[in-house]
2 protein chains.
Amino acid sequence: MGLRERKKLAAWRTIRSAALRLISERGFDAVSVEDIATEAGVSRTTFFSYFPSKEAVAFDLDPLELQQWRALLEDGVHDDRPLWEALTELFVDVARLLPEWLPVQKRVVQDCPGLANSARGSCDSFAPDLRAWISRRLPDGDELRTALVFNTALAAFMTAVEAWDPDDSFDELLELVRTCLRWAGAGLAHPVS
Amino acid sequence: MGLRERKKLAAWRTIRSAALRLISERGFDAVSVEDIATEAGVSRTTFFSYFPSKEAVAFDLDPLELQQWRALLEDGVHDDRPLWEALTELFVDVARLLPEWLPVQKRVVQDCPGLANSARGSCDSFAPDLRAWISRRLPDGDELRTALVFNTALAAFMTAVEAWDPDDSFDELLELVRTCLRWAGAGLAHPVS
DNA sequence: ACCCAAAGCTGAACTCAGTACAAGTTCGCA
DNA sequence: TGCGAACTTGTACTGAGTTCAGCTTTGGGT
C-alpha cells in the first residue's frame with residue numbers, strides 16, 4: 001500500500017472521528033459540515049471529497065476494513081458450507097466491521113428516525129459484492145431468487161443490528177445475527193423455530 | 001368526509017400529479033420544488049405544508065387509499081388464515097395501492113439509485129400499523145420475532161416490486177408478491193420451493 | 001538533490017432544499 | 001352576517017452539496 005494511499009486513509013479516519021465525536025456530543029442535527037471540517041482541520045470542500053454527504057460520514061464503513069472483508073469473500077472462506085449457512089457467516093463477518101462506533105450510530109438513529117434510511121445506505125458498499133456472490137452460487141444465476149435471498153438475509157441482519165442493545169457484549173450481537181438468519185432461513189411461516 | 005378535508009385531498013393530488021408529470025418529463029434532479037409548486041398553482045411554502053420533502057412527493061401514498069387499507073387491517077379481513085398467509089394478502093393489498101404511477105417511480109429510481117432509500121420511506125406510512133398487527137398475533141408480543149417477521153416480509157415485498165416489469169400486467173405484480181412471500185415464508189435455506 | 005506532473009487542498013461563489021414566521025385570505029359554521 | 005380556525009403566501013434565513021480556478025504538496029524517476 002503506497003504512502004499516498006495511507007495518508008488518504010488517515011485523513012478519512014481523522015474526519016470520521018471528528019464527526020462522530022461532535023455528533024455524539026451535540027446530536028446529528030446540531031452539527032454542521034462546517035463544524036466537522038473545522039474540527040478535523042480541513043476545509044468544507046475537502047470534507048466533501050472524502051464523503052458524498054453528511055449522512056455518509058456517520059454511516060460509511062472504513063475502506064480498509066471493507067477491503068479486508070472483500071478479501072474474505074474472494075477467498076471463499078465459508079464456501080464449504082451450504083449457501084444459507086455460508087451467507088450467515090458472511091453477515092457475521094460484516095457485523096465484525098461495525099464495532100466501536102455502532103452505539104453512537106444507534107443513538108443518532110434513535111434521535112432522528114428519518115436517518116434510518118441513510119443508515120441502510122451503508123449496506124450499499126458491500127451489497128453488490130454479496131449479490132454477485134449469491135448469484136454465482138445459485139443455479140442459472142436466477143435473478144429473482146438472488147434478489148430475494150439477498151434482500152431477506154439483509155433484512156434479517158438489519159433486524160439483529162437494530163435489536164442489539166449497546167450495553168450488551170459484542171458477542172451478543174454476533175449471536176443475534178446468527179439467530180435471525182437461522183430463523184429467516186428456516187422459514188418464518190412456521191410457528192417458532 | 002367534510003368539505004375542507006375533500007379540498008385538502010384534491011390539493012394533495014393536484015400537487016402530486018404536477019410533480020410526477022414534470023418528473024417523468026425531465027427527470028427528478030432537473031425539477032425543482034419551485035417548478036412543481038408553480039405547475040400546481042401553489043406557493044413553495046404550501047408545497048412543503050403538504051409534503052415534508054421533495055422525495056415525498058414522488059413516493060408518498062395517497063392518503064385516502066392508505067386510509068382505506070388501514071380499514072382493511074382493522075376489520076381483520078384476512079384474520080381467518082394463518083399468520084404468514086394473512087400477512088401475504090395484506091401485502092398484496094398494499095401492492096394494489098401502487099398502480100398508476102409505479103412505472104414512473106421505478107424510472108426515477110433507475111435514473112438516480114440514491115433515491116432507492118427514499119423510496120423505502122413510503123413504507124413508513126403503513127409500517128407501524130402492520131408491525132402492531134403482527135405483534136398482536138404473536139405469542140407474548142415477542143419483539144424480536146415481530147421485527148424479524150415484519151422486516152423479512154417487507155424485504156420480500158420490495159423484492160417483488162423491484163422485480164416487476166412495468167410492461168407486464170398489474171396482476172403479474174400481485175402474483176410476484178405472492179410468490180416472493182411464499183418463498184420467504186417457506187424458508188430460503190431450502191434449495192428451491 | 002532536484003524536477004515535475006499528478007494528486008490533493010482550498011476559498012469563493014453558486015443553487016436549491018427545508019424552516020420560521022408574520023401577515024393576509026378563505027371558508028365552514030353558527 | 002360575522003367569527004374563528006384553517007389555509008395560503010412572501011420573505012428571509014440556514015445549511016447541504018457542487019463547481020472551479022488556483023495554490024501547495026509530494027512521491028517517483030533521473
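Start with chain A: 11 helices, zero strands. Along the sequence the pattern reads α-α-α-α-α-α-α-α-α-α-α. The radius of gyration of chain A is 18 Å, close to the 16 Å that the globule rule gives for 193 residues, so chain A is as compact as a globular protein of that length. That radius is taken over C-alpha atoms, and the rule is 2.2 Å times the number of residues to the power 0.38.

Ground rules, quickly. This is a predicted model, where local features need pLDDT of at least 70, side-chain atom pairs count only at pLDDT 80 or more, and totals for chains, interfaces and linings use all residues. Residues are numbered from 1 along each chain as its sequence is written, chains are lettered from A and ligands numbered from 1 in the order in which they are written, and side-chain values use heavy atoms, with hydrogens and water left out.

Back to chain A. Its C-alpha atoms fill a box of roughly 50 × 40 × 30 Å along the principal axes. Of the 193 residues, 49% are buried. Buried means under 20% relative accessible area, exposed means over 50%, and partly exposed is in between, with a 1.4 Å probe and protein chains only. Now contacts, meaning heavy atoms within 4.5 Å. Take those between residues at least 6 apart in sequence: 67% join residues at least 24 apart.

The surface next. Chain A exposes about 9500 Å², and carbon and sulfur atoms supply 50% of that. The areas come from the Shrake-Rupley method with a 1.4 Å probe; for residues, only the protein chains shown count as cover.

On to the rings. The whole structure has 14 aromatic pairs over all chains. Rings of Phe, Tyr and Trp (its six-membered ring) pair if their centres lie within 6.5 Å; planes under 30 degrees apart are stacked, over 60 edge-to-face, and the rest tilted. Which kind of pair do A:W69 and A:F126 form? Edge-to-face, at 5.6 Å centre to centre and 65° between the planes. A:W69 sits in helix α5 (residues 63-75) and A:F126 in the loop between α8 (116-120) and α9 (127-136), so the pair ties together parts of chain A that are 57 residues apart in sequence. A:W69 is buried at 1% relative accessible area, and A:F126 is buried at 2%.

Chain B gives us another one. The ring centres of B:W164 and B:F170 are 6.1 Å apart with planes at 85°, so this pair is edge-to-face. B:W164 is buried at 5%. B:F170 is partly exposed at 26%. Back in chain A, ring pairs link A:W12, A:F47, A:F48 and A:F51 into a cluster.

Now the backbone. A:D140 is not a glycine, yet its phi is positive, near 70°. Where is A:D140? In the loop between α9 and α10 (143-163) of chain A. A:D140 is exposed at 82% relative accessibility. For B:D140, phi is about 65°, again positive in a non-glycine. B:D140 is in the loop between α9 (127-136) and α10 (143-163) of chain B, exposed at 83%.

Last stop, A:E74. This residue is in helix α5 of chain A and is exposed at 60%. A:E74 and A:D129 are 55 residues apart along the chain, with their C-alpha atoms separated by 9.4 Å.

Notes:
Helix = DSSP H or I, 4+ residues; strand = E, 2+ residues; numbered from the N terminus.
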